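Please work through each task with the structure at hand before reading its solution.

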Amino acid sequence: LGRAKLLQTNPEGHQVLVRIVGPGDMFGGVAIAGDAVYPATAEALEACEAMAWSTETLTRLMGRFPRLAINALRVLSDRMRELQERYQELASTRVEQRVAHAVLRLAHQLGRPERGGVLIDMALSRQDLAELTGTTLYTVSRILSAWQAEGLVEAGRTRLLIREGHRLVAVAEDLPLAPAQRRRPAGLRD
């Protein structure tokens with residue numbers, strides 16, 4: 001139950017938001033490899049419940065139920081693919097595209113249909129979104145304000161309603177739109 005942020009802290013004490021987990025999501029899978037210390041900290045965004053197995057229990061269950069091992073491997077493989085995609089985005093896409101990709105991932109993972117769009121209804125700050133995309137709070141604020149002015153989203157303190165999902169996909173994929181459909185937020189640099 002609930003949603004949590006997975007955070008990593010560097011040696012200088014700076015935290016980075018790595019991932020948002022929701023109901024049914026597996027996290028802490030590095031225990032499969034026997035790592036004693038999990039490399040991230042989970043911070044609840046709302047009331048949460050989590051199940052945990054010790055490394056020994058997990059190893060024993062995987063030996064007894066191979067399907068569990070296959071499913072865990074599939075989840076870890078999906079996480080690896082997601083991290084590779086995010087790395088590729090950081091290395092080769094404009095910041096507005098990265099923010100659009102992050103919003104679309106969150107909508108897919110945690111969003112729910114609501115009249116007029118898809119709602120991401122959680123305590124996700126603009127700073128959180130900046131950390132997810134490797135940019136600054138100021139840049140995310142400018143992008144969300146521009147998207148709101150264009151009718152793509154409605155942004156609030158604890159919710160984000162995606163009104164024009166197809167246009168947001170076009171931004172994420174850097175697809176051309178007619179000038180009347182899209183203008184680039186002023187002052188954004190690559």
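**Exercise 1: the largest pocket**

Task: State how much space lies in the largest pocket, and describe its lining.

Solution. The model is a predicted one.

Step 1. The space in the largest pocket comes to about 710 Å³.

Step 2. Its lining consists of 28 residues; Asp25, Met26, Phe27, Met51 and Ala52 are the ones nearest the centre of the pocket.

Step 3. Strand 3 (41-44), helix 1 (55-64) and helix 2 (66-92) are the elements that each give two or more residues to this lining. The largest share is that of helix 2, with 3 residues.

Step 4. Sorted by class, the lining of the largest pocket holds 19 nonpolar, 6 polar and 3 charged residues.

**Exercise 2: the second largest pocket**

Task: Determine the volume of the second largest pocket, and identify which element gives the most to its lining.

Solution. 

Step 1. The volume of the second largest pocket is about 440 Å³.

Step 2. This pocket is lined by 18 residues. Nearest its centre lie Val30, Tyr38, Leu76, Arg79 and Leu83.

Step 3. Two or more lining residues come from each of strand 1 (4-9), strand 2 (15-21) and helix 2. Of the elements, helix 2 gives the most, namely 6 residues.

Step 4. The class division of the lining of the second largest pocket is 11 nonpolar, 3 polar and 4 charged residues.

**Exercise 3: helix 2 in both linings**

Solution. For the largest pocket, helix 2 provides 3 residues. For the second largest pocket, helix 2 provides 6 residues.

Notes: Residues are numbered from 1 along each chain as its sequence is written. This is a predicted model: local features need pLDDT of at least 70, side-chain atom pairs count only at pLDDT 80 or more; totals for chains, interfaces and linings use all residues. Side-chain values use heavy atoms; hydrogens and water are left out. On a 1 Å grid over the protein atoms alone, a cavity is a set of points where a 1.4 Å probe fits but cannot get out, and a pocket is an open set with protein on both sides within 12 Å along at least five of seven lines; lining residues have an atom within 4 Å of a point. Grid points are joined across faces, edges and corners, and a volume is the space filled by probe spheres set on the points. Helices (H or I, at least four residues) and strands (E, at least two) are DSSP runs, numbered from the N terminus. Ala, Val, Leu, Ile, Met, Phe, Trp, Tyr, Cys and Pro count as nonpolar, Asp, Glu, Lys and Arg as charged, and the others, Gly among them, as polar.
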